[in-house]
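Here are some questions on a protein and its ligand, with answers worked out step by step. Look at the structure before reading on.

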Amino acid sequence: MTDDLFSSISFRESTARNRVMVSPMCQYSCDGDGLATDWHRVHLGSRATGGAGIVMTEATAVEPRGRISPDDLGIWSDDHAEALAPITEFIRDRGALPAIQLAHAGRKASKTSPWDGNQPLQPDERGWEAIAPSADPWPYEDTPPQLREMTTDDIATLVDDFAAAAERSLDAGFEIAEVHAAHGYLLHEFLSPVTNDREDEYGGSLENRTRIVREVTEAVRDVWPDDKPVFVRISATDWLPERESWTIEDSVHLADRLGDIGADLIDVSAGGLHPDQRIPNPGPNYQVPFAERIREDTDVPVGAVGGITEPAQADALIRNGRADLAIIGREHLRDPYFTLHAAEELDAEDSVEWPIQYRRAVQ
Ligand SMILES: Cc1cc2nc3c(=O)[nH]c(=O)nc-3n(C[C@H](O)[C@H](O)[C@H](O)COP(=O)(O)O)c2cc1C
């Protein structure tokens with residue numbers, strides 16, 4: 001039988017009820033200390049109620065400097081785990097798997113939230129000194145946040161921070177940990193020669209530039225239980241073909257290595273590293289060919305993300321073996337009940353369960 005959008009899928013001993021994953025999406029809705037608020041509870045809880053198989057948090061900072069804005073979620077103390085615990089419990093009660101995206105913003109840190117203009121923040125105005133593989137700020141900003149090149153001690157600390165964050169995530173009740181190595185944030189900055197000028201063992205060759213992502217994934221894998229999955233989100237390309245940059249070939253190589261380390265899925269996004277990026281066709285399925293390529297050339301399952309908005313489109317990705325998960329972002333902002341509505345549209349009502357409280361509206 002061919003798998004479809006409503007087939008369950010298992011990663012190790014964790015089974016998602018279907019192939020829909022809510023893509024990680026920053027909500028900029030903490031109160032300045034990285035703690036989850038009622039907004040996160042309602043936002044993530046609604047998407048679990050809406051039928052998705054996996055509900056992932058926004059990028060969650062492993063240390064305070066790893067936040068994009070002061071309003072981002074964090075997981076650098078036990079208080080953060082405690083604030084997230086009721087949310088994971090609710091997501092599970094609604095039948096979805098709770099997942100957390102572990103992140104560090106690198107040189108893209110210390111900004112205001114989008115509705116305040118993504119403006120650089122200095123240390124005397126709620127900002128902080130950012131860290132990155134090299135001290136080149138995000139280009140074309142008049143007053144970039146303060147930025148410092150990481151020492152090798154900083155790198156060792158960062159790997160430990162990811163492991164400690166994973167341990168706390170487990171305490172908070174998460175089933176899946178995802179390492180965020182995409183979108184021009186810290187780990188991606190190490191991967192790409194555009195943002196990594198280092199001359200030590202973390203810069204230069206592909207082997208060296210991928211080292212930190214392998215070390216972080218290994219460290220998270222070490223503390224995450226053997227029966228639970230670890231995902232890694234990557235940008236499959238920098239979308240900068242005119243210059244020496246991170247490419248799909250590099251991504252295939254990395255995905256293969258991550259599979260050997262024990263990554264259970266590569267969440268295949270793209271870009272976000274540099275403002276000069278040019279996306280040739282930013283329409284439906286615009287990043288799917290990268291996911292498909294990694295799926296073909298490695299043994300690691302993949303999630304496809306980007307421009308997936310229609311139930312039949314998501315279903316086709318799974319049926320045609322282009323991806324193992326359909327990862328859906330903005331459409332979930334428009335419709336928290338995407339999966340329940342998709343079942344209606346695809347005549348698969350028996351594959352989902354509306355909340356008992358809402359049945360009078362659907363029978
Ligand atoms: C409001 C918003 C916040 C986002 N925050 C994150 C994030 O925290 N981590 C991440 O990896 N991607 C983030 N993204 C990217 C999405 O996860 C997704 O990859 C992107 O929106 C493309 O998928 P879509 O076309 O289904 O929206 C964000 C996107 C949006 C719209």
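Q: Is Tyr 202 buried or exposed in this predicted model?
A: The model is predicted. A residue counts as buried under 20% relative accessible area. Tyr 202 has a relative accessible area of 8%, so Tyr 202 is buried.

Q: Which kind of pair do the rings of Phe 190 and Tyr 202 form?
A: Planes over 60 degrees apart count as edge-to-face. The ring centres of Phe 190 and Tyr 202 lie 6.4 Å apart and the planes stand at 75°, so the pair is edge-to-face.

Q: How many residues apart in sequence are the parts that the pair of Phe 190 and Tyr 202 ties together?
A: Phe 190 belongs to helix H4 (residues 186–191). Tyr 202 sits in the loop between H4 and helix H5 (206–223), so the parts tied together are apart in sequence by 12 residues.

Q: Is Trp 115 buried or exposed?
A: Trp 115 forms an edge-to-face aromatic pair with Tyr 28. Tyr 28 counts as buried, at 15% relative accessibility. A residue over 50% counts as exposed. The relative accessible area of Trp 115 is 58%, so Trp 115 is exposed.

Q: What percentage of the ligand's exposed area does the protein bury?
A: A backbone N or O atom of Gly 307 lies 2.7 Å from an oxygen atom of the ligand. Taken alone, the ligand exposes 610 Å², and the share of this that the protein buries is 81%.

Methods
Residues are numbered from 1 along each chain as its sequence is written. This is a predicted model: local features need pLDDT of at least 70, side-chain atom pairs count only at pLDDT 80 or more; totals for chains, interfaces and linings use all residues. Side-chain values use heavy atoms; hydrogens and water are left out. A polar contact is a pair of N or O atoms within 3.5 Å; within protein, one must be able to donate a hydrogen and the other to accept it, and residues adjacent in sequence count only if both atoms are side-chain atoms. Accessible areas come from the Shrake-Rupley method with a 1.4 Å probe; for residues, only the protein chains shown count as cover. Rings of Phe, Tyr and Trp (its six-membered ring) pair if their centres lie within 6.5 Å; planes under 30 degrees apart count as stacked, over 60 as edge-to-face and the rest as tilted. Buried means under 20% relative accessible area, exposed over 50%, partly exposed in between (1.4 Å probe, protein chains only). Helices (H or I, at least four residues) and strands (E, at least two) are DSSP runs, numbered from the N terminus.
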